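Come along as I jot down what I look up.

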Amino acid sequence: MTIQSDDRRDYLRLLARQYPNVQAASSEIIHLQAILHLPKGTEHFMSDLHGEAEAFVHILNNASGAVREKVEIVLRDSLPADERAQLATLIYYPEEKLEELVQAAPDAAEWYRITLGRLLEICRLCASKYTRSKVRRAMPPETRDIINELLNKGNDIFNKREYFESVISTIIDIDQAEYFIISMCNLIKRLVVDHLHIVGDIFDRGPRADIIMDLLMDHHSVDIQWGNHDVLWMGAATGSRTCIATVLSNSITYNNLEMIETGYGISLRPLALFANEVYKCSAEQSCFQTKQVDDESATAKDLTMAARMHKAIAVIQFKLEGQTILRCPAFRMEDRLLLDKIDFARGTVRIGDDEYPLRDTNFPTIDPADPYRLSPEEHELMAQLKNAFLRSEKLQRHIRFLYSKGGLYKCFNGNLLYHGCIPMTEDGQFMQFTFDHKTYSGKALLDYAETVARQGYYAREGTAERQFGKDFLWFLWCGRHSPLFGRDHIATFERRLIADQTIWAEPKNPYYSYYNEDEVCVRILAEFGLEGEHCHIVNGHVPVKTKDGESPIKADGRLIVIDGGFCRAYQPTTGIAGYTLVYDSWGIHLTAHEPFSGKRDAIRNNKDILSTSMAFDRSEARILIGETDIGLRLKRMIGDLKDLLAAYRRGEIKEDNGAPVPPQ
């Protein structure tokens with residue numbers, strides 16, 4: 001006889017509240033045991049979205065081609081290619097595409113009937129790998145009972161043929177066909193992808209990261225590995241003036257102030273007034289011009305105003321960065337203190353042993369005797385901006401979501417996901433960092449960094465822990481060999497103010513050489529407790545220069561880089577518009593995407609993103625839930641329930657036979 005410890009017996013008593021008798025526990029064991037033999041759910045990996053909301057929405061809708069694949073499986077033998085493309089577009093954008101298709105149909109009622117039938121067939125295929133209860137939970141509550149009946153008509157078709165035909169006819173007769181079509185399109189997309197991974201960098205460069213965040217918050221199952229651009233915004237949301245100034249400088253650089261003002265309701269009027277006053281006589285604005293302007297209506301006056309605002313916030317940024325470096329010697333970034341190296345009389349700056357002429361020498365707010373001190377006007381401006389960031393309800397909601405769903409890395413179903421790098425030394429060892437008299441490297445470094453990043457948001461305002469956490473978020477953004485930045489330094493000052501491009505280099509951490517070696521990747525995986533031939537590292541951050549022949553698959557498939565240029569600003573360098581990854585019950589598929597021509601073109605012309613998929617780790621047998629992380633948890637639960645059954649049968653725990661069996 002097995003004797004349970006007191007702790008174990010207490011746990012089983014708690015479990016008995018949920019499964020109060022032998023019947024309830026037995027039913028759950030049968031249910032969970034059966035789930036172990038279902039195919040694993042499909043995981044979808046995306047990285048480096050950089051605010052490109054339209055492209056993100058499209059790839060989210062088509063699940064990197066998985067939705068189109070389901071359409072092809074069901075209808076390739078019965079429907080022409082152009083009509084299959086039209087149906088796929090309807091699934092991607094049901095609200096926008098529906099009206100056009102109905103108006104083009106000779107007989108709207110017949111079109112509704114045929115389309116509902118086709119969508120039901122695709123739904124059945126997508127639902128076939130899940131339990132009925134899970135599919136039912138994925139349905140919209142208002143249409144759940146009816147769609148559930150229609151999806152499960154197969155076994156009853158001979159007895160209920162007229163019943164099913166009546167359901168469809170009534171849906172059409174009472175003008176509910178469009179509502180049901182939209183519901184089924186959304187259900188298909190919901191069922192095709194069981195879980196979404198975002199491997200960093202939602203923010204910056206592209207125009208509307210806030211729209212992406214809204215969609216992620218509505219997603220049924222998502223995790224996020226923070227990127228360096230994400231932690232910068234997280235720092236701004238804590239009220240870090242250094243991060244706020246850097247966020248605004250980046251946003252002006254890429255001309256995406258719409259997100260700041262419209263998306264997050266943060267007024268930039270104080271910055272505009274300050275810039276217009278302080279820099280109205282500035283003779284040289286070209287080094288602070290925005291990089292890209294999609295708005296053709298932008299006038300020369302608009303561009304001048306943007307350049308003045310950029311210069312104003314960039315100078316503040318350099319000052320605040322200097323204050324942060326001086327405040328945190330553990331960051332080892334003293335060589336990035338450059339304002340005190342400026343010779344204002346000669347218009348030069350000393351970097352290392354060399355001196356370089358500055359492209360702009362008009363800095364009226366910099367005091368050569370105390371160059372990192374904000375002027376009174378700059379101090380007041382930053383107080384106003386800090387208050388605006390702290391009071392943006394939408395921004396704070398998004399950042400709380402990043403903290404609740406995110407982290408620096410994730411181990412999931414044998415794969416290790418992180419955005420930047422595991423910092424390494426030149427000889428291939430894990431690089432050591434010392435903070436608060438303790439040394440960290442490898443996994444311990446990332447664990448420490450995540451703890452401090454959370455401290456920056458959640459520690460009490462005014463404490464040393466809160467201040468260091470805020471500073472550390474900035475360090476993660478651009479600090480020397482930070483695991484999210486992965487470079488020796490960021491050359492923002494040089495790129496803005498020095499014409500000699502040889503000084504613009506930002507040397508990468510040695511990790512980016514070593515990650516091509518299988519032995520190193522195996523060692524990294526082992527550091528995080530993963531081993532086996534089917535374990536992989538999924539990495540973002542550094543764009544893959546596909547046009548130059550670079551492959552996203554490193555170390556014989558041990559590591560996959562899925563940043564291939566989602567952001568339009570990167571596409572001339574990469575030659576494509578990003579990589580995504582799909583891990584389904586048959587293995588891992590890497591997909592390369594061509595640039596997206598836009599939502600309007602996709603809807604009007606059924607224009608999908610041209611994608612090329614390759615399967616590089618295909619399983620010989622279908623992967624079942626029992627082989628996944630969820631499967632391991634279910635097996636532990638089954639073991640607990642079997643112990644509970646034994647406790648009931650031994651009389652150690654009394655049954656409650658008046659309690660109902662929990663629903664499956």
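**The cavity**

I began with the lining of the largest cavity, and H17 gives the largest share of it, four residues. I note here that the model is predicted.

Which helices supply at least two residues each to that lining? I found helix H17 (300-327), helix H21 (464-478) and helix H22 (492-497).

I then listed the lining itself, which has 15 residues. Nearest the centre of the cavity lie Phe318, Glu321, Arg336, Leu338 and Phe493. Sorted by class, the lining holds eleven nonpolar, two polar and two charged residues.

I also looked up the volume, and the largest cavity has about 180 Å³ of space. I counted one cavity of 30 Å³ or more in the structure.

**The nonpolar cores**

How many residues make up the largest nonpolar core? I got 140, and the members that touch the most others are Ile198, Ile202, Leu216, Trp226, Trp233, Tyr511 and Ile524. H17 turns up again here, with ten residues, the largest share of this core.

Leaving aside residues up to four places away in sequence, Ile524 touches Leu416, Tyr418, Ile422, Phe430, Tyr511 and Ile537.

I found a second, separate core of 50 residues as well, including Leu98, Ala105, Ala127 and Val193.

**The whole chain**

I stepped back to the protein chain, which has 27 helices and 17 strands. Its radius of gyration is 28 Å, close to the 26 Å from the globule rule for 664 residues, so the chain is as compact as a globular protein of that length.

I noted the span of the C-alpha trace along its principal axes, about 95 × 75 × 45 Å. Of the 664 residues, 57% count as buried.

I checked the contacts with a separation of 6 or more, and 73% of them join residues 24 or more positions apart.

Where is His50? I found His50 in the loop between strand S1 (43-46) and helix H3 (53-62). His50 has a positive phi of about 45°, though it is not a glycine. Is His50 buried or exposed? His50 counts as buried because its relative accessibility is 0%, and buried means under 20%.

I looked up Ser64 next, in the loop between H3 and helix H4 (66-75). Ser64 is not a glycine either, and its phi is positive at about 55°. With 8% relative accessibility, Ser64 counts as buried.

Methods: Residues numbered from 1 in each chain as written. Predicted model: local features only at pLDDT ≥ 70, side-chain atom pairs only at ≥ 80, totals over all residues. Heavy atoms only, no water. 1 Å grid on protein atoms, 1.4 Å probe; cavity = no way out; pocket = protein on both sides within 12 Å on 5 of 7 lines; lining within 4 Å. Points joined across faces, edges and corners; volume = space filled by probe spheres on them. Nonpolar A, V, L, I, M, F, W, Y, C, P; charged D, E, K, R; others polar. Core = buried A, V, L, I, M, F, W, Y, C linked by side-chain atoms within 4.5 Å. Buried < 20%, exposed > 50% of the residue type's maximum accessible area, 1.4 Å probe, protein only. Contact = heavy atoms within 4.5 Å. Rg over C-alpha atoms; globule rule 2.2 N^0.38 Å.
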